[in-house]
Amino acid sequence: MGFDELKQRQAVMWGNGPFERISETATAAHDDLVHRLAPQRGERWLDVACGTGALAFRAARRGAEVTGIDLAPALADRARELAAEQGLDVQIDVGDCEQLPYGNADFDVVSSSFGAMFAPDHNRVAHELARVCKPGGRIGLATWRSDGGVGRMFKVLGSFQPPLPEGAGATLSWGDEAYVEELLGSAFELEFADGDVPLEAESGRGVWQLFSTSFGPVKTLNETLEAPRRDEYEQAFVDFHESFRTNGGIHMPRQYLITIGRRR
């Protein structure tokens, strides 16, 4: 499987479910990133791998002229519906963050919240993020830490998934400052900060119910596995989240890295 085939599958997988339910569990992280980027009225803002618009809508409410782009047509359609429901003027496009359909230096701000990190060609992503950002413009990324709750969850579930194509970047590498500096440091003056957006739930089974119906990667894999492997997958997911039980419920830290940069 090459990168093009992988991305075709990703475009379907990420759109498999009401992703806004998952975005709601990371509200504080979206708020954190937008606050640090400090939107200004009239700024041209691009949100890359925008999902159902969680971060894009926040920037628009602060007065930015926002464009969101996502690989998954179903997510883009849902983002447009939600923008209309909320009375927001946000342009939502379908496209690949490795080949952004915009001109050089088109945007004052470029952001991605737990999105662009999932594209396979990290060097291409970094090139495109820099290309569309004007000199003096800002970049802001929120990416999961490999040793945080989400990073550990992906590692647990990785044994149930097919391997990535040869040469694909490790998704969780985007949660490491040195790696991001290597990718973006020549184009941006970078600063880093840590964040945590814990997942709270009554039980591991409750987390499974949410993710297996609303989070495309978990839902799609569950639908494609055959018994008894599917049952093993579900139990591994539940057991992992139950390992964070405390005071009668689930409290799973989900550490993330914030990257803020100024285009050179």
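Mentor: A definition comes before the cavities: on a 1 Å grid over the protein atoms alone, a cavity is a set of points where a 1.4 Å probe fits but cannot get out, a pocket is an open set with protein on both sides within 12 Å along at least five of seven lines, and lining residues have an atom within 4 Å of a point. This is a predicted model, in which local features need pLDDT of at least 70 and side-chain atom pairs count only at pLDDT 80 or more, while totals for chains, interfaces and linings use all residues. Residues are numbered from 1 along each chain as its sequence is written, and side-chain values use heavy atoms, with hydrogens and water left out.

Trainee: Which residues line the second largest cavity?
Mentor: Its lining consists of Ser112, Gly115, Ala116, Met117, Leu141, Ala142, Thr143 and Trp174. The space inside is about 40 Å³, where a volume is the space filled by probe spheres set on the points, and grid points are joined across faces, edges and corners.

Trainee: Which element gives the largest share of that lining?
Mentor: Strand S5 does, with three residues; S5 spans 133–144. Helices (H or I, at least four residues) and strands (E, at least two) are DSSP runs, numbered from the N terminus.

Trainee: How does the lining of the second largest cavity divide by class?
Mentor: There are five nonpolar, three polar and no charged residues. Ala, Val, Leu, Ile, Met, Phe, Trp, Tyr, Cys and Pro count as nonpolar, Asp, Glu, Lys and Arg as charged, and the others, Gly among them, as polar.

Trainee: And what is the volume of the largest cavity?
Mentor: The largest cavity holds about 550 Å³. It is lined by 41 residues, and Trp14, Phe19, Phe114, Gly115 and Phe118 are the closest to its centre. By class, this lining has 27 nonpolar, nine polar and five charged residues.

Trainee: Turning to pockets, what volume does the largest one have?
Mentor: The largest pocket has about 820 Å³. Of its 29 lining residues, Leu6, Met13, Gln161, Pro162 and Leu164 are the closest to the centre. Helices H1, H7 and H10 each give two or more residues to the lining, and the largest share, five residues, comes from H10.

Trainee: Which residues of H7 are buried?
Mentor: In H7 (residues 149–158), Gly149, Val150, Gly151, Met153 and Leu157 are buried. Buried means under 20% relative accessible area, exposed over 50%, and partly exposed in between (1.4 Å probe, protein chains only). Those residues pack against S5, H10 (216–224), H11 (229–242), S9 (249–252) and S10 (255–263), where contact means heavy atoms within 4.5 Å.

Trainee: Why does His241 count as buried?
Mentor: His241 counts as buried because its relative accessibility is 0%. His241 is placed in helix H11. Leaving out residues up to four places away in sequence, His241 touches Met153, Leu199, Gly204, Val207, Ile250 and Met252.

Trainee: What is the strand order in the open sheet?
Mentor: The three strands run in the order S7-S9-S8, with antiparallel pairing. S7 (199–201) and S8 (245–246) are the edge strands, each pairing on one side only. Two strands pair if DSSP finds at least two bridges between them, and S8 and S9 have two. Thr246 has Gly249 in S9 as its bridge partner.

Trainee: And how many bridges join S2 to S3?
Mentor: Four bridges join S2 to S3 (residues 91–94), and these strands run parallel. Opposite Gly68 stands Ile92 in S3.
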